[in-house]
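Here is a short briefing on selected local features of one protein chain.

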Amino acid sequence: MKKLFLLDAYALIFRGYYAFIKNPRINSKGMNTSAIVGFMNSLLEVIRKEQPHLLAVCFDKGGSQQRLAIFDQYKANREETPEAIRFAIPYIHQILKAMQIPIIEKEGYEADDIIGTLAKQAEKQGYTVYMVTPDKDYGQLVSPNIFMYKPARGGKDTEIWGVEEVKENFGVDTPEQVIDLLGMMGDAVDNIPGLPGVGEKTAQKLLKEFGSMENLLANTDKLKGKLRENIQANKDKGILSKTLARIILDVPVSFDEKDFELSSPKMEEIIPLFDQLEFRTMLTTLQKAFTKEETQPNLFSIGQKATNSSMITNPTLFDMENIKRLKTIKEVPHEYQLLTTQTEVEALLPELLAQKEVCFDTETTSLNEMEAQIVGLALSYEMHKGYYILFPEDFSLAKQWFLLLKPFFENESILKIGQNLKYDFKILANYGIEVKGEFFDTMIAHYLLNPDMRHNMDLLSEAYLGYSPISIETLIGKKGKGQLTMRAVPAELQKEYAVEDTDVTLQLKHVFLPLLEKDQMLSLFRKVEAPLVEVLAQMEYEGIRVDTHFLAQLSKEIAADLIGLEKTIFSQAGESFNLSSPKQLGDILFEKLKLLSKPKKTKTGQYATSEEVLSELASKHEIVANVLEFRALQKLQSTYIEALPREVNPHTGRIHTTFMQAVTATGRLSSNQPNLQNIPIRTPRGSQIRKAFVPRNEDYTLLSADYSQIELRIIAALSEEDHMIEAFLEGQDIHRSTAAKVFGVPLEAVTKEQRSHAKTVNFGIIYGVSAIGLSQQTSLSRSQSKELIDTYYQTYPKLKTYIEKQIFFAREHGYVQTILGRRRYLPDVYSRNQVVRGAAERNAVNAPIQGSAADIIKIAMVRIAQRIQKEGLATRMLLQVHDELLFDVPKKELEVAKALIREEMENAYTLIVPLIVEIGTGNNWLEAH
């Protein structure tokens, strides 16, 4: 899981300032820089220790309007902000902007509300969130995937609080009770009144007995003496205090990964700022924060040969001895030639054909490969030298020039090098050119070397070459601000920008090649990942036909269903209301129908009507089930049924998704624009969407080939677990076989429920399922779940041994690997925080399994594509969705294609258990699957 770090700016600034109160940091100009130094120490400590992928700093702005609206004395007792802190804020803003770290603030909201909102949004999207703050109030937000991160201070090491730490430190049963605790105690700093006479220990005792503020106030007759009198007389204060203590979770901010990515600092802005503040050692501290301490890599500026690149190991965001030495094109002698005539292009061809390796890069009119036209082509085969061909705007003339270079692109003895070559392959295909022979994609190479890092060329250049390339914004401006097209850029600027890219990429190849060899991943790169680039380019270029008429009809049916459901819901409610309004829905369910005696409320006082809340109520009243179905249908309508037709390319009449090869840490592919890997399948209505995906014409059929239980087969093979291997070799239903063993019944006597429980455990073991987790996924109690897991491990002892070995390997090496040697780095396996360490240990077990499944299907894709080409078949691979491949097959080739696909998929990799593929065909994807 990717990590998001959210810093509470003012909490860290105040803490930093007061840490130096006895020995303030005063520079020669008399400026008190204590607050800046203190804040920067915390920020750089997080970056140095945690090397986060995503990070933002959140500021208060204008106080909390909501809290002041209900209690005008909120924070009224606070002293005036010290002058040194007021002085520090603008400088901290400038430094953060120079470091390209996002600043998040919203008028009328406090930082804890912004952080809470973003944390919950990011958690829903599968991120682990660390709230960096010394503020205890954040304890209420902690969950299995949200942690409090308290930076080191005064000799105390960094503290990370998960659910257990919050329970222990606050003396509560759940993190949510922290709100009740704070409400009961009150807070003198924030001027939250609390309940008179109730301190921390009393509040903890009351919570143990009553569970919540509301339950306490409803049962004051059970109290005694003065405490009873105080609480009975101040019930309104109690409710008010809890409201004030509750962190707001609906601030109008939104989490989008790309907005929070940690980028390289702009040293040309950092250095003069630090000079002004007289931060003589802060620059060194900043360098260390962006450099992994365990490894001091050998870096190569653009003017040096990569003679010792094997010394670089598992590099991180910023690896350089002196950031001031980042070079630019202005400082490096180079010979980049501009070619503008057909004669010059013809003269270049013999020179290209004489090379062993050439790096190339296309410059185009658009990022959409299916519509883009060529503007220029950059080529480099020697450091600091290269050519830029500026193509004519006329398509046919440009194609004529391009075809002159066809002998070079199709020469199999020349290694072609590039960054994100999949894009270039599709551009070349528009001009009738196919790239043949071996090639080296630096983006994919780096993805194997460090899957958790970003892989854009500018970042790689700075990290490995100590060189800062020309940014695209320098040429065409920022997106959405009168952005130019590449054609509008002067030819000389195009040349400098484009050839510099190939120059840098050529050098990166020479850095990455020995690293792949050192990490024993060169075979994985050459035999699987590199050839897959070409396969994915062909799949994306091919696209898939979508029946928009069917979707239009389905849209009408869904609309009619929605109207019918709405009428039914209104009838059950006894009145009409706005179904999209959580407030109105909550009032109906909990005020009018009284479905719960004590319904949950949001921080704004409205009744909670989230899917999680409603799912628990679905069995209590039919209206709830209908509301859930209404929401599900609405989502299907907007996300897929109405959206997919807009994705159809007007020129090809097909949808061309993009497969992302360098995103997931496990090695699996992902899909976007549109995401075709998330097309629903489990609900009847959702599965109908797959009917819209159809063959190209009536002479073709769709063929779906799906690996059967591949992850369980891999874990059986890797663990060498005899009972599981035996079941697979005998062709048994693995879940029925497991149920028979763990429940101690004959195979034929296994019930449907027992098989279901066994299935949950089989898959859950891979992801470290606990007794609590199993009980939540099944009808079993916690004790029954624990007994089942214990019995499972007794039945499969080698599986337990394998899990222990994986965790030990991760601790010893800092990573785990797949059957092909793909690495997943797990730095958190060394964490002193049990929760964080536990998550890394679970990854140590499941990453090799998921990654090996990804390796196997990638091998199959490459081999199938090669066989189809070799045998001259018209069959085309269209989609990869998890363990499934989808093909467009001429009906006359069907039997040949079936045999070929089954053979290559089932023999992609030899395990001790057989790989089994299920194949189906049909007139649409649903039928085929």
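**Around helix α19**

The model is predicted. The points below start with this helix, then turn to a helix pair and a sheet.

- Helix α19 spans residues 457–465 and is mostly covered, with 8 of its 9 residues buried.
- The buried residues are Met 457, Leu 459, Leu 460, Ser 461, Glu 462, Ala 463, Tyr 464 and Leu 465.
- They pack against α18 (442–449) and α21 (491–518).
- At the start of α19, Asn 456 places a side-chain oxygen within 3.3 Å of the backbone nitrogen of Asp 458.

**Helix pair α35 and α36**

- The axes of α35 (residues 834–870) and α36 (residues 894–906) come within 9 Å and cross at roughly 145°.
- The crossing is right-handed.
- From α35, Ala 860, Arg 863, Ile 864, Arg 867 and Ile 868 meet Leu 900, Ile 901, Glu 903, Glu 904 and Met 905 of α36.
- By class, this contact has 6 nonpolar, no polar and 4 charged residues.

**Sheet and its helices**

- An open sheet of 6 strands runs in the order β3-β2-β1-β4-β5-β6, with mixed pairing.
- Its edge strands, β3 (103–104) and β6 (159–161), each pair on one side only.
- Strands β1 (residues 3–8) and β2 (residues 54–58) run parallel and are joined by 5 bridges.
- Leu 4 has Leu 54 in β2 as its bridge partner.
- Helix α1 (residues 9–19) packs on the sheet and touches β1, β2 and β4 (128–132); its direction makes about 60° with that of β1.
- Helix α5 (residues 111–124) lies across β1, β2, β3, β4 and β5 (146–150), at about 175° to β1.

Methods:
Residues numbered from 1 in each chain as written. Predicted model: local features only at pLDDT ≥ 70, side-chain atom pairs only at ≥ 80, totals over all residues. Heavy atoms only, no water. Buried < 20%, exposed > 50% of the residue type's maximum accessible area, 1.4 Å probe, protein only. Helix = DSSP H or I, 4+ residues; strand = E, 2+ residues; numbered from the N terminus. Contact = heavy atoms within 4.5 Å. Polar contact = N/O pair within 3.5 Å; in protein donor to acceptor, adjacent residues only side chain to side chain. Axes fitted to C-alpha atoms, helices over the stretch in contact; angles between N-to-C directions. Left-handed = near helix turned anticlockwise from the far one by under 90°. Nonpolar A, V, L, I, M, F, W, Y, C, P; charged D, E, K, R; others polar. Pairing = 2+ DSSP bridges.
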